[in-house]
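Subject: The structure I promised you

Hi,

Have a look at it first, then read on.

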Amino acid sequence: MSDEIHKVGVLGAGQMGAGIAQVLAQHGRQVVLGDVSLDAAQVGKAGISKRLDKAVAKGKIDGSVRDAALSLITPTAAVSGFETVDLAIEAASEDIELKKKLMRQLDEVCPPRAILATNTSSISITLLGAATMRPAQVIGMHFMNPVPVMKLVEIIRGLPTDDSTHARTVALAEAVGKTVITSADSPGFIVNRILIPLINEAAFALQEGLGTAEDIDTGAKLGLNHPMGPLELADLIGLDTCLAIADVLHQQLGDDKYRAPNVMRMHVAAGWLGRKTQRGFYNYAEETRR
Ligand code: NAD
């Protein structure tokens, strides 16, 4: 393999971590997939298995491709098994203190040569790197959702990130079929700096009663030629994640234009996080029943 990354540890087996593990395994990388418990990691792997079964049923991939990918993914509790990885990707919830703690943990367990990447949507790579003893080997590797479908990986260099870490991470992303852009380390990087104000504005429009969620999303889809409306995209991302990103943008860029609307904060407080909890700006439980 040209990128020399054979074994990857993915920490966090939610929608992003599981998607990243799937794509890596489908490109022949060995993956240890960790979460808070072995059970949680196994739930992540079960989701991958279900997605690959669907792809086989639709004739998109062969059964042998599914089996080979699944055989390369080992669910694990926390960072057990990360002692031999070439690169680790932190993909746990978007929380600064949690991510600092996990980066420290990865630094303690992973081999000295290993790259420590994070899939954070908004948190400073320099800050996360400073939580480790190897800031030159810390980098942002921001996959898009759903990972198996979306072509882009946004790579973010922290201030101390060295050229070799950048080159090896870009090579891995390209080797698993992705197109790379590189962003400087600034809150939200490039993609979420553009996306989150759009989602916030759509939610303000909803809050102010300009139209229904369907009106707003249809406006963006048919009026702006967006493949998804901003509110349905927010539900896909997770409203907790959108709110966490908006708060980082608002606090760190210090401009009120990034403030999150109350309607989003209240949905998160109610536990209506979007598709992952069956309810967000839309009600997916009803959709399943229909
Ligand atoms: P998610 O809620 O689906 O999954 C988060 C996972 O982290 C859960 O499985 C949770 O159990 C696990 N976790 C929490 N604490 C942990 C710990 N101490 N150790 C190990 N695992 C722990 O969230 P997600 O959508 O997969 O987002 C994960 C990361 O990816 C976030 O940083 C988010 O900003 C980023 N991201 C999300 C999207 C998106 O569209 N959802 C896109 C790009 C990047």
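A word on the ground rules. This is a predicted model, so local features need pLDDT of at least 70 and side-chain atom pairs count only at pLDDT 80 or more, while totals for chains, interfaces and linings use all residues. Residues are numbered from 1 along each chain as its sequence is written, and side-chain values use heavy atoms, with hydrogens and water left out.

**Around the ligand**

How many residues surround the ligand? There are 24 of them, and the closest are Met16, Asp35, Glu94, Lys99 and Ser121.

Sorted by type, the shell holds ten nonpolar, ten polar and four charged residues. In this scheme Ala, Val, Leu, Ile, Met, Phe, Trp, Tyr, Cys and Pro count as nonpolar, Asp, Glu, Lys and Arg as charged, and the others, Gly among them, as polar.

Where does the shell come from? Helix H1 (15-26), helix H4 (96-109) and strand E6 (138-143) each give at least two residues to it, and H4 has the largest share, with three. Helices (H or I, at least four residues) and strands (E, at least two) are DSSP runs, numbered from the N terminus. Both domain 1 (7-183) and domain 2 (192-277) put at least three residues into the shell; the domain bounds come from an automatic or database domain assignment.

Now for some distances to oxygen atoms of the ligand. An N or O atom in the side chain of Ser121 is 2.6 Å from one, a polar side-chain atom of Asn119 is 2.9 Å from one, and a polar backbone atom of Gly14 is 3.4 Å from one. The ligand on its own has 820 Å² of accessible area, and the protein covers 85% of that. Accessible areas come from the Shrake-Rupley method with a 1.4 Å probe; for residues, only the protein chains shown count as cover.

Go back to Glu94, one of the closest residues to the ligand. You'll find it in the loop between strand E4 (87-90) and H4. Is Glu94 buried or exposed? Its relative accessible area is 15%, so Glu94 is buried. Buried means under 20% relative accessible area, exposed over 50%, and partly exposed in between (1.4 Å probe, protein chains only).

The side chain of Glu94 makes a polar contact of 2.9 Å with the side chain of Thr120, and another of 2.7 Å joins it to the side chain of Ser122. A polar contact is a pair of N or O atoms within 3.5 Å; within protein, one must be able to donate a hydrogen and the other to accept it, and residues adjacent in sequence count only if both atoms are side-chain atoms.

Ser121 comes up again here: its backbone oxygen lies 3.1 Å from a polar atom in the side chain of Asn192. Asn192 sits in helix H7 and is buried, because its relative accessibility is 5%.

**Other buried spots**

Met103 is part of helix H4 and counts as buried, since its relative accessibility is 0%. The C-alpha atoms of Met103 and Leu128 are 6.7 Å apart, although 25 residues separate the two along the chain. In helix H8 you'll find Ile216, which is buried at 15%; its C-alpha atom is 7.5 Å from that of Leu206, ten residues away along the chain.

What about cysteines? Cys110 is buried at 4%, and Cys242 is buried at 1%. A search of the whole structure finds zero disulfides, a disulfide being a pair of cysteine sulfur atoms within 2.5 Å.

- The peptide bond from Asn145 to Pro146 is cis, with omega near 0°. Pro146 is in the loop between E6 and strand E7 (152-157).
- Phe189 is not a glycine, yet its phi is positive, about 55°. It lies in the loop between strand E8 (179-183) and helix H7 (191-207) and is buried at 4%.
- Asn225 is not a glycine either, and has a positive phi of about 65°. It lies in the loop between helix H8 (213-224) and helix H9 (230-237), and is exposed, because its relative accessible area is 69%.

Cheers

Terms used. Near = heavy atom within 4 Å.
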